[in-house]
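Thanks for coming, everyone. Please have a look at the model on the screen, and then we'll walk through it together.

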Amino acid sequence: MTRMSMVKALNSGLRRAMEADPQVLVMGEDIGRLGGVFRVTEGLQKDFGDGRVMDTPLAESAIVGTAVGLTFRGFRPVVEIQFDGFVYPAYDQIVSQVAKLHFRSRGRVRMPIVIRIPYGGGIGAVEHHSESPEAQFALTAGLKVVSCADPHDAHWMIQQAIASDDPVVFMEPKRRYWESGEVDLGAEPLPLWSSRIVRPGRDATLITYGPMVKTCLDSARAAEADGLDLEVIDLRTLSPLDLAPVVESVRRTGHAIVVHEAARTLGLGAEVASRISEECFYSLESPVLRVTGYDMPYPPSRAEHDFLPGLDRILDAVDRARAF
Amino acid sequence: MDPSNDPTPPTSPLTTSPPMVQLLSPSGERVTDPRHAFDGDRAEIEALYRDLVMTRRVDTEAYALQRHGELGLWPPALGQEAAQVGSARALRPHDFAFPTYRDHGVAWCRGVDPTHLLGIFRGSHLGGWDPAEHGIALPNIIIGAQTLHATGYAMGLALEGLVGTGDAERDSAVIAYFGDGATSQGDVSEALDWAAVHQSPVVFFCENNQYAISVPVDSQTRVPIVQRADGFGLPGVRVDGNDVLACLAVTRQALQRARDGEGPTLIEAVTYRMGAHTTSDDPGRYRDASEVEGWKAKDPLERVRLLLVAEGTSEEFFAELDADAEALGVRLRAACQQITEPDLAELFDHVFVESTVENQQQKAEHVAWQAAFEEVAS
């Protein structure tokens, strides 16, 4: 076990993926000499050269669009979108090209592209630097979407995403970038397309992913003081969803609360709640509740502590569910 | 001067200057140009003429099939055959093309069976051929998006060391096709900039057919398209897009520059879409008949026929070609109706390389639903 930050864990995961496969390329704005604005790619250009670690022109559509062309030559591009709010200029290339070319060619063309997006709020950033666009990709058939929550998962999930022959939108919770955790560099990783119970409990199930995993774990610890035992599930994979552990959990606890930073309407929580109601109807003791960001553009950062789900809102939802 | 020999297209002031490279006049006479030459023999010109005739036959046949209700839609390439055939014949087998939905002549030259094109517009599939086998990607409908794919492909060629080695069997290039309307799209500007910055082995081939559906080129841009190259730092060449010899010569040179590691080129082929944007369109609403008539005199096929006749090509050649075109038409009419219908159940298997539980569950749900329905029907 090695203790490191999520940034370092991603960096070492990228490094291992590049060592394992010479077809892996890393591209993006400022990712070369600077090592990325978050330093996730630090040192990679020095060690792998500017042919495999490329500083690109400032052009998001081109970053993804050229990655499409590179896959036609057998490369496996890992592209960095500098911030969540900057992904929209590339949206057409992602949803109309990356997501569809395998399907359009009836399986003849593969798009093993990883699109890394540092996402989410809580760091006091300016506009366009705190968004959670994961649902916009999760609803696009042909894309897979994952989000890591801690350094160990970040280290392994990035390697698995790169090894995947399908395109993966890789959501990195930037507010957790600098938090350290244990990384088992020799572990057999969990399969990429699986969710996991990060804290077992019996009184209610919190279902979440990415930056909210830690918040939910904090909530569960706080709830202990009230004698409540909360189960916390990290979805990890947002598309495809792996809901088997969720269904099994909710059948035990009878209460489900979905927590995410993204806006509520048509967010991941809506899909999870719908699927829980299909699968767990007779086990539910309360409606599935959601604790989410509100349906508004991301607010100015001095209001984000009220906008983002926090411990109190989560515990209030638990109380409402249990009192139902 | 015979007006039909005037190389200047009558449409827009944007297409009058700078001058175009022309090697064959509309009345079928060879023209010299200080920068470019076509040095092929008569057999090569006959082969090009054959491609032009066959491309036009694919196009007119598909148009007729659409009118008979066999295709949902067809984007005619009528009038643009020389731009497509001339440029595509400049490609070598190991080069690669990224076409639009109108580049039927490019697909023809890359050995794609035209039945695949019919299948797209019949709604039976979304492409049909193997891009790696033919060296041509599936047609792209999102305007200009494929110029970035071509640029990425070109970067890949450079990374693989397939550029500038001096080995003709190895050195490769890529060509991106797009229209005049596409030059208004951000992706095309990003592609031109990126390719210039990286000196990527890509040729940007703009078929300026004067209209983006109904909007004329002078409503798309304030400068001639070819001049955009200057701003991005790559060479630009304007060519008579109805002159197959000039299109071939200019593209050949640009592709060779790319293969030699000298970077990208922008080619503006000045041509004219004689037909509608698609069969759903009514060009009579947005352009004068006189304009179309003016371009008829610059037909890309007729001038080659006149040249060949003057150079002594036999009547048998033309008769055999007519017969071949007719046979192609007959084959396409029959093949169109035999294109297999898509099987939705099978399509589930192509969403991902590694299928998902959800994917397979929905497939099973669909198959079971269909089976139950068929049981009731029987």
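Let's start with a question: which residues of chain B does UniProt give for the feature "domain: Dehydrogenase E1 component"? The UniProt record, an unreviewed entry, places that feature at residues 52-315 of chain B. One caution before we go on. This is a predicted model.

Now look at that span in the model. Residues 52-315 of chain B are 42% helix and 12% strand. The end C-alpha atoms of the span lie 17 Å apart.

Chain A has a record too. For residues 4-179 of chain A, UniProt lists "domain: Transketolase-like pyrimidine-binding", again from an unreviewed entry. Here the chain is 36% helix and 18% strand. The end C-alpha atoms of residues 4-179 of chain A are 8 Å apart.

Let's zoom in on one residue in chain B. Find T55(B). T55(B) sits in helix α1 of chain B, which runs over residues 42-67. Is T55(B) buried or exposed? T55(B) has a relative accessible area of 2%, so it counts as buried. What does T55(B) touch, leaving out residues up to four places away in sequence? The list is E81(B), V85(B), H104(B), G105(B) and W108(B).

Next, the interface. The size of an interface is often given as the accessible area lost when the parts come together. Between them, chain B and chain A bury about 3500 Å². Of that area, 64% is on carbon and sulfur atoms. Three residues, W194(B), H350(B) and V353(B), supply 18% of the area that chain B buries against chain A. That is more than any other three residues.

How many residues does each chain bring to the contact? Chain B gives 40 residues, and chain A gives 42 residues. There are 18 residue pairs in polar contact between the two chains, counting pairs with both residues at pLDDT 80 or more.

Which elements of chain B do the touching? The largest share, 10 residues, comes from α6(B). Sorted by class, this side of chain B has 21 nonpolar, 11 polar and eight charged residues.

Across the interface there are two salt bridges. One of them joins R73(A) and E160(B), at 2.7 Å from N to O.

That takes us to salt bridges in general. How many does the structure hold over all chains? The answer is 51. Let me show you some in chain A.

Start with R3(A) and E182(A). Their side chains meet at 3.4 Å, N to O. This pair links distant parts of the chain, 179 residues apart. R3(A) is in strand β1 (residues 2-5) of chain A, and E182(A) is in strand β8 (residues 180-183) of chain A. R3(A) has 54% relative accessibility, so R3(A) counts as exposed. E182(A) is partly exposed, at 37%.

Now a pair within one helix. D218(A) and K214(A) form a salt bridge at 3.3 Å, N to O. Both lie in helix α8 (residues 212-224) of chain A, four residues apart, about one turn of the helix. D218(A) is partly exposed at 25% relative accessibility. K214(A) is partly exposed as well, at 34%.

Then take E248(A) and R252(A), which meet at 3.2 Å, N to O. They are four residues apart in helix α9 (residues 244-253) of chain A, so about one helical turn separates them.

Some salt bridges join up. D150(A), D153(A), R196(A), D234(A) and R236(A) are linked in a network.

Last topic: backbone angles. Most residues other than glycine have a negative phi, and most peptide bonds are trans. Let's see some exceptions. The peptide bond from S239(A) to P240(A) is cis, with omega near 5 degrees. P240(A) is in the loop between β12 (237-239) and α9 of chain A.

R39(A) has a positive phi, near 70 degrees. You'll find R39(A) in the loop between β2 (24-28) and α2 (44-48) of chain A. In chain B, look at Q199(B), where phi is positive, near 50 degrees. Q199(B) is in the loop between α7 and β3 (202-208) of chain B. Q199(B) is partly exposed, with a relative accessible area of 38%.

That's the tour. Questions, please.

Terms used. Residues are numbered from 1 along each chain as its sequence is written. Chains are lettered from A and ligands numbered from 1 in the order in which they are written. Side-chain values use heavy atoms; hydrogens and water are left out. Contact means heavy atoms within 4.5 Å. Buried area is the accessible area (1.4 Å probe) that two parts lose on being put together, summed over both. A salt bridge is a side-chain nitrogen of Lys or Arg within 4 Å of a carboxyl oxygen of Asp or Glu. A polar contact is a pair of N or O atoms within 3.5 Å; within protein, one must be able to donate a hydrogen and the other to accept it, and residues adjacent in sequence count only if both atoms are side-chain atoms. Helices (H or I, at least four residues) and strands (E, at least two) are DSSP runs, numbered from the N terminus. Ala, Val, Leu, Ile, Met, Phe, Trp, Tyr, Cys and Pro count as nonpolar, Asp, Glu, Lys and Arg as charged, and the others, Gly among them, as polar. Buried means under 20% relative accessible area, exposed over 50%, partly exposed in between (1.4 Å probe, protein chains only). UniProt positions are given in the numbering used here, feature names are shortened, and annotations may be inferred rather than shown by experiment.
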